[in-house]
Amino acid sequence: MKDIGLRVADHIDAMLAYWDKNQVCRFANNAYVEWFGKSRENMVDKMTLKELLGPLYEMNLPYINGVLQGQPQQFERDIRIPSGTIKTATASYYPDISHGDVQGFFVHVTDISDNKKLELELKASEMKFKGLLESAPDSIVIVNSDGIIEIVNALTEKQFGYCREDLLGKAIEMLIPERYRESHIGHRLQYASSPNSRGMGTGLELFGLHKNGKEIPVEISISPINLPDGVFVSVAIRDISWRKQAEIEIKTGNERNRIFIEQSPNALAMFDLEMHYMAASGKWMEDYHLQGKEIIGHSHYEIFPEIGEDWKAIHRACLRGETNHCDEAMFERADGSAQWITWDVRPWYISAGKVGGLLMYTADITNVKSKEREKLRIEAILDKTNEVARIGTWEMELKTGILKWSGITKQIHEVPGDYTPDLNTAINFYKAGESRDLIQNAIKKAIDHHIPFDLELELVTAKSNSVWVRAIGQAEFKDGVCKTISGIFQDINEIKSSKEALNKLNEELKTILNAGYVAIIGTDSEGIITHFNRGAEALLQYSASELIGIRNPMLLHVNEEVIERGKALSQKFEEKITGFDVLVKIPRQDLYESREWTYVRKDGSTFPVQLVVTAIRNRQDEVTGFLGVATDISEIKKAEKELKALHEITSDQNNRLKNFAHIVSHNLRSHSGNIDMLLDLFLEKHPKVTDNKILMHIKSASVNLMETIANLNEVVLMNTALEQNLVPVRLHAAIESAINTVSQLIKNADVQINNKVDQAVTIAGIPAYTDSILLNFITNSIRYRSAERKSKIILSATLHDNYVILTIEDNGIGIDLKKNGAKLFGMYKTFHGNADARGIGLFITKNQVEAMGGKVEVESRLDTGTIFKIYLKYEKV
C-alpha cells in the first residue's frame, strides 16, 4: 500500500510534502522536480524548508509560524520554476498535531495559474463586452421577457436624454412615441412567443421618443438572448437622423463619408453597388490585417477571395434593402486561420428608397471565443483531474434539505449512481464516535456561525469498507441566514496509509540516526557541520549546538594524522591538499573513502574509528555537502593486538612443525632407502629366493614405501613455500607451454583445447608449481575423456577481488560428486578404475595451489563433464 500511495502521490501535479517541526523535509512527491528541480532523494531527511524556498522563505515565514502554532494556513504565491516560467499557486499548510503538540505540518501546493488566467480572461471579456456595448454606434437596450429595461449603454442616455437610473426597471415603451405604444405591446408579446434576430419594422419609418418629447427617426434591430434565468432581447436602436443629413452630404460628395468611416473607432466599411470599397475605418483595417494595403476601389471579393456564395447572396439581399445581423460566426481565412466575428450589414441610401451601396459594421470576437473554448477545456481537465484524484463535490440546500452528491462522491461512498442522499443518511456513513461527532459539530458551526471546516474522517461505505476521507465545507449566507452549505470530498485512504507508513519509517530512521554507537556528522560543501547525531554527542562529548553551523570536523581529528595523509594525497594527485580537503578529496571524485582515523574527544582523550566519508550531491550532480559515518573500533584494535601476539606464537609453533616434518621426511627416506638397498643385496646374493612370494611382497612394499615417502616429501616442500617466493607468471603463456608439452598426447587422443585466457593476465605463483598444476588438470581431462563425443577442453580466466579464477572445463565422463566429492582430493584416491591411475595427482595439485595462496573448486555431472575453478593470486603489472 505504501508503494501505491507513493506512486499516486508522484502522479499528482500538486506538490505534496511533510516537514517536521524543525522544518526538515520528511516526505516529498516528484512534483518538486518540476517546481523546484529537487527530487525526493535530494529533499527527504536532507533539506530544510528554508533551503528549498530560498528568497520565498521570508515571504512564507508568517504562514510557517502560524501552522507550527497549530493553525491551518492557506495563501497564494507566485513561484518561478527552473524553466523560468512563473506559476501562480495556492499553498495549504496543515498542522500535524499529536497529544496537543505540533509534530510538523503537511504541505499541499496546487498550480492555479490556469484558473487565475481564466479569471483575468473572464474579467477582460466582461470589460470587453462593456467596452463593445459602450463603443457601439447604436443605442443598445437589453430588456427581459416582460419588456422591462435591464441594461442600456451610454449612447442610449445621450440619444434619448435620460440618465441610466431613469431607464433601468422601466418598460421599453417609454422610449416609443405614445401613438405607437399600444400596438408595440402586442408586437412585443407576439415576438416573445417566437423570438428571432431581425430588423424591426422593415419598410416602415420608426421613431423613438426623446425625454424632451422630440421624436427621433430610428432603425431597430432585435435579437433574442437565451440565458439560464430567461429570454432577454437585445435592441439596437440606431438614430438615423444623421442619415438624412448624410444623404444631403452624399449629394455634395462622398469625401465626408469616407472621413467619417475612416475615423470611426469601430470596424466599419462602406461599399458601392459593385461591392467596391469606398471607405474603411482603421479598426476595420486592423481587425482584418489589411494595414498597408490599398483597398479603396478594389472589390471586397478580391480582398477576401475565400468569401463564399452564401455571403454574396446576403450582400445582394442587403443591396435590395434588407439588413443582416449576426452575433457570432466563424470564418476560415485564405491563410488557414479561423476568425470569429459579429456583424451588421445594411444598405446606405443616396436618396429615399435608392440604395447607394452597403455599410458593414463588424467586431472581431476571436479572442472571446478562444477564451470560451479554453474555459471549457479547463473545466474538462478539472473534471478529469478530480476523477483521477478521487475528488468529489457535495451541496445541501437548507430550505429544502436536498443534498446533492457528484459521481465521485457516490463512488467513494460505494453507492449506486442513482442514489439520493439526505443529511441524516449522509452523517451515518461516518464511523460512529470521533469521526461522526466531528462532522456533526462542523456542519452545525458552519450553519450557525459561518465557520468553514476541513476535516480528515473515517467513513464506512455502503459495502462496509472503511476508508479515510477529507471533507471540506463552507456555508453561503444571504441576509444573515445560511442558504446552502457545500464543499469537496476526497478519498485520502491511500494518502493516510502512506502517511502512517512514512511516520513509522521516519521513527525508524530517527532511531538509526541517533544510534549511540555510531557517530554521524554532516557538513556543507565548505566543511561547516550541519548535522551531529546523538551517537556523535555520546562518543565525542560535544553537544550538537556547540558545533552545528559553527565548527569544522577538523576539530575532531589528530592534526599529525591529517598532515601525514595530506602529504600522501598531495603526491598522488600532484597538488597541495591540506585541512578539510584531506578528508573529502577522494569522495569529491564521485567515490567514497573508508579509512581508520583517530578521533579527539572534548576532554582531549583519543580513540580509533573507522570513518566512511561520502559526498552528497544534488540533481545536477553538484556536491552540496559531505556525510561522515564513524564507528568506534577501540575493541577491534585491542582484539587485533591480541591476535597479533597469538599469531607470533602460532607462527613459531608452525615453524617448529615444519622443521619436524623435514626431519621426519628426511629420516624416513633414509631408512626406507636402507631397507630397499638391503633387499636388493639379499636378492643379488640369493637369486634362488626370487620365487618366494612373501619376499616379493616385501620388495613391492619397499618400493611403494619409497614412492609414498617421495610424495610426502614433495608435499612438505610445497607447504613450506613462502609468499616471498612467488613471482609474476603470465598465465596464457604458461598454458601454451603446458599444451606444447603434451601435444603428442593431445594429438593421439584427438582432443580440442581452446586457450581463452587473455595474454595480459598475470598471477603471483611459483613457475614449476604452475606448470605442474596445468599439466595435471589438462592430462586428467584427456585421460577421462568420453568415447561418446568429440572431446573439448576450454581454459578461461576472470578477475574477482584479488584473484584470477582459472576455469578448466571439459566434456568428459564426469565425476559423481555425491559419492566421491569428499575424497576427490585425497591421497591415493581413484574413482574410475583406470589401470594407470595413482590417486596422487589431484592431491599434489591441490597442495601446490594452496601453497601459492589459492584454492580449488569443482563442479561435475556424470556423462556431461567437469569444471575445475582454480583461484590464483592476481599480480598487477
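A salt bridge here is a side-chain nitrogen of Lys or Arg within 4 Å of a carboxyl oxygen of Asp or Glu. The model is predicted. By this rule the count in the model is 25 salt bridges.

**R26 and D45**

R26 pairs with D45, and their closest N and O atoms are 2.6 Å apart. R26 sits in strand β2, residues 25-28, while D45 sits in the loop between α3 (40-43) and α4 (49-53), so the bridge ties together parts 19 residues apart in sequence. R26 is buried, at 16% relative accessible area. D45 is partly exposed, at 29%.

**R179 and E215**

R179 bridges to E215. Here the closest N and O atoms are 2.3 Å apart. R179 belongs to helix α9 (residues 178-193) and E215 to strand β10 (residues 215-227), so this pair links parts 36 residues apart in sequence. R179 is exposed, with a relative accessible area of 52%. The cut-off for that class is over 50%. E215 is partly exposed, with a value of 29%.

**E458 and K431**

E458 forms a salt bridge with K431, with 3.7 Å between the closest N and O atoms. E458 lies in strand β19, residues 453-460, and K431 lies in the loop between α17 (423-428) and α18 (434-449), so the pair ties together parts that are 27 residues apart in sequence. E458 counts as buried, at 16% relative accessibility. K431 is partly exposed, at 39%.

Shared partners also matter for the count of residues in a group: salt bridges that share partners join D20, R26 and D45 into one network.

The three pairs, side by side:

| Pair | Closest N and O atoms | Relative accessible area |
|---|---|---|
| R26 and D45 | 2.6 Å | R26 16%, D45 29% |
| R179 and E215 | 2.3 Å | R179 52%, E215 29% |
| E458 and K431 | 3.7 Å | E458 16%, K431 39% |

**S234**

S234 lies in strand β11, which spans residues 230-239. S234 is buried, with a relative accessible area of 18%. Buried means under 20%, so a value of 18% falls in that class.

Key:
Residues numbered from 1 in each chain as written. Predicted model: local features only at pLDDT ≥ 70, side-chain atom pairs only at ≥ 80, totals over all residues. Heavy atoms only, no water. Helix = DSSP H or I, 4+ residues; strand = E, 2+ residues; numbered from the N terminus. Buried < 20%, exposed > 50% of the residue type's maximum accessible area, 1.4 Å probe, protein only.
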